[in-house]
Every structure is written in C-alpha cells, then in structure tokens.
Amino acid sequence: MVEKLWGGRFTESGSKRAQKYGASINVDQQMIQEDIQASIAHALMLGRQGIIDDADARQIVAGLHEIWADFSANKVTLKVAHEDVHMNVEVLLTEKIGATAGKLHTARSRNDQVATDFHLWVAKRLPDVIGAIKRFQKTLLNLAEVHEATLMPGYTHLQHAQPVTFGYHLLAYVGMLQRDVERFEFNIKHANLSPLGAAALAGTTFPIDRESVAAALGFDAIYHNAMDAVSDRDFAVEFLQSTSLLMMHLSRMSEEIILWSSHEFNFVTLSDAYATGSSIMPQKKNADFAELTRGKTGRVYGDLIGLLTVMKGLPLAYNKDMQEDKRGVFEAYDTLMDALYIFNGMFATLTVNQQTMTESTHDDFSNATELADYLVTKGLPFRDAHAIVGQLVLLGIQTGVNLQEMSLADLQQASHLIDSDVFDVLRPMTAVNRRTSFGGTAVSEVHNQIKYYQEKVEEG
Ligand code: ARG
C-alpha cells in the first residue's frame, strides 16, 4: 500500500516530479476556509442523519475548527505530498483526532467537495466585486456632477464630432459599469447552487440531506442532477466572462486616460499617486496604471479562453483536467479588484483641465451639424443643407477660419437663409444644450442621467 489517502490499491509511488505535477495545493489552498466550512456542514449533517455518531461528528467539527484556527495563526504547513487542499485538511484532521477523521469522507467525494469549495469561493466574492464597482460608479458620478456643464469635444473615429460635456462622457462609463453590476448579480444565482452530496457522480446510498447542508453553507438551492453538479463549471466561466467584459470597459477608459493626459490633449492631469516617472527622462509622467490595466485585460481574456478550452472536450463527469479551472479565476479576481481600486483612486484625484477641454470645442468644425440643422429649420432639405455647410467648411479650412468666425456676409453668400441669429446657434454650449432628446448631452439631460444612476447605484 502507498502512503496516500487513496493508496490502497497502489504498490508503487510516483516520482517526486510527477507528484508535484499532479498537486494543486499551491493554488487551491486559497479555498481552505471554504473547504473547512463545507466539511463542518457535511459532518454536522452526517451526525444529524445518524450516518455517523453524534460524538464523532462533534469531534470532527471541533478538529476542523482547530485546523482553521491553526491556519489563521500561520501554524499549518500544507504539503505537496498530500496533493490538494482537501487531502491536506483530512491529513491534518487525522493528526488531530485520529481514525475518527476517516468518517468525514462518508457520503462525499473530492469531486463534489472541490465543486462546493469553488462555488463558495466565487459566491463569497461576488458581493465584494459588486461593491467595488458601485464605489467606482459613485466616484464617476461625483465627477460627472462637477462637470455636467464642462464642454469637451465628442469624438467619432477619434475625430472631433459634436461638442458634449465631460460629465456626459463619464456617464457613458457609469452605464457600462451598471451592466457589469447586473452581470455579476446574475452570476450569484449559479454560484449559489450547492453540489455537495452529489458524491463522485451518482449520488450516494447514505440517507443524506443535501438541502440542510446547502442552507447551512448559505447556498440558495441545490443541483437537481448529481452528475451535472460535479461536472459543471459554468459559474466560473460566467465569472470570467463578466470579469472580461468589465476589464474591457476599464481598458477603454485606460485608453482615454492615456490620450487625455498626453501633451497633445492635455485634458486631464493625473495625480502623482497614480502616475510614474521615467528612469532616464526627468520630465516624464506616465499613465502607467492605465497602460497596465489595458495590458492586464489581455491576461483576463486569456483566463476566460483558458477555462473554456479546458472544459470544451471533457466527457462527464469529473476529469483531472478540471484541476486547471481555479488559477485563472483566482488571478482574474485579484486583477479585477486591484484595477477597480486603482481606477477609483485615479478618477477621484485627477485634475480636469477645464479650459483646454472647453477651448478645444471652439477650435474646430464640430458645430457644422448645428449649421446644417439651422438651415433645415429655415426650410432646406437636410441633404442640401449638408452640401452647403460642407462647402463652408472647405472654405474655412482653406482660409483658416472657423464657422463662428466667418462674417455674416460670407455665410450669406453660401445661403441667403442664414441670419445673424446663427452665431448663437454656432456656440458649442448652445449645441450641447439644444440636445435635449432623452439621453442627450444637454446639461438638463445630464442632470437627469446623474439622478437616474445615483438611484441605481443605491439599489440592491
Ligand atoms: N484537486 C482536485 C481538483 O482541484 C480535486 C478533485 C480531485 N478528484 C479526483 N477524483 N481526483 O480538481
């Protein structure tokens, strides 16, 4: 017999290297608290159901509590030789209470055990993720409130398109983050299903009570099919999907922060706490954290594709491939929480260079649509108006004069429908404030949007 919890039918040990290759303790020790919790709930149920003696159950539970206390006090050494967190805990329990420890594994398998621990790990963290997103939303909403009337160019194709306000631009991100919140909220439903009691794949002959164990662990419901319970990693894929999408949003924000803080844009200045310098160029102040987030987004996508790929060819039920399911989730979680924390700080402390932003909306042709709309209200078909304004823009480019700087006489040469009231229409702030359609950039609308999202963020 080989010295392993599963060593009964083995006569030879594997090489050290094979042992290390097969071990997951370095990764799954992150779930030790969940593993102990689940074991406590399982042991209590075994006692309640009369599957093991009450006294044994109590001894097991006491031992497990002690292991958690030891671990918290840094007094536990987890060993690669014991392969994974589940067997390490069982060995520790045996060291504490002797042979009774062996009764804990009645009516369960590592397959439902690992699935349970992983569900608990994800379920426990989802509220933290949602809280961190909401905190960031609040910071953006505060900034949007301050800048609900700060003019900035709105872009398409990264070319000046139509003037908007900075507050309005920020609210677009608040909306994306709101959908992120809703995706993670949905994730809770599937993470909160209990696999425990599925045993290896087929259920068990013992009279277990899966419902009460699930309730004790805080799960909302149990899997209806034991084979599904031990085979399913959808909740983890969903977590990585939601995380990937959120990182994609942060990555787009990163790109804008990098542009806005460049010499050419100079729309924002990052606080020193959220920028770094260069080892050779003394003048440099780099938006490193934005760049890094843009880069880390690629890694998180890798985690998602990694798990999807691990799962795609697996026959039911458990396969050892599935041991590769956790690292990416753990890493993505850390990245996500760090990124949200840092983005929150970065936006809370940046300086908005209001004057540069505003001036940038005056020094362009982004009021061309206003002039075309103006001609339409005077009775011209939009296509004709578009052509006339296009010619004026061309003239302006050739002579280095913006539309609002042209003389009334010049404008009237293009169309006799133009009158002196045009100059108010051509002001960027007028352009903004006339966009009162629902969801538009008018300050009054931005105000409504801020109220709407403030209420959303307080929900739930
Ligand atoms: N360390 C394993 C994992 O993370 C636990 C489950 C092992 N089950 C088994 N039958 N080998 O997936």
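**View 1. Overall form of the protein chain.** In this predicted model, local features need pLDDT of at least 70, side-chain atom pairs count only at pLDDT 80 or more, and totals for chains, interfaces and linings use all residues. Residues are numbered from 1 along each chain as its sequence is written. The protein chain holds 19 helices and 6 strands; helices (H or I, at least four residues) and strands (E, at least two) are DSSP runs, numbered from the N terminus. Its radius of gyration, taken over C-alpha atoms, is 31 Å, well over the 23 Å that the globule rule gives for 460 residues, so the chain is more spread out than a compact globule. That rule is 2.2 Å times the number of residues to the power 0.38. The C-alpha trace spans about 100 × 50 × 40 Å along its principal axes.

**View 2. Confidence of the model.** The protein chain has a mean pLDDT of 96, and 100% of its residues reach 70 or more; pLDDT is the predictor's confidence in each residue, from 0 to 100. The scores of the model are ipTM 0.97 and pTM 0.94.

**View 3. Domains of the protein chain.** Domain 1 covers 7-106, domain 2 covers 111-198 + 224-355, and domain 3 covers 360-442; these bounds come from an automatic or database domain assignment. The centres of domain 1 and domain 3, taken over C-alpha atoms, are separated by 75 Å.

**View 4. Surroundings of the ligand.** Around the ligand stand Ser24, Asp28, Asp84, Arg110, Asn111, Val114, Tyr318, Lys320, Met322 and Gln323; a residue counts as near if its C-beta atom, placed from the backbone, lies within 6 Å of the molecule. Domain 1 and domain 2 each supply at least three residues of this shell. Helix H6 (residues 110-146) gives the most, with 3 residues. The shell has 3 nonpolar, 3 polar and 4 charged residues. In this grouping, Ala, Val, Leu, Ile, Met, Phe, Trp, Tyr, Cys and Pro count as nonpolar, Asp, Glu, Lys and Arg as charged, and the others, Gly among them, as polar.

View 5. Leucine 151 lies opposite threonine 165 in S2. The hairpin has 2 residues between the strands, and histidine 157 takes a positive phi near 55°.

Key
Pairing = 2+ DSSP bridges.
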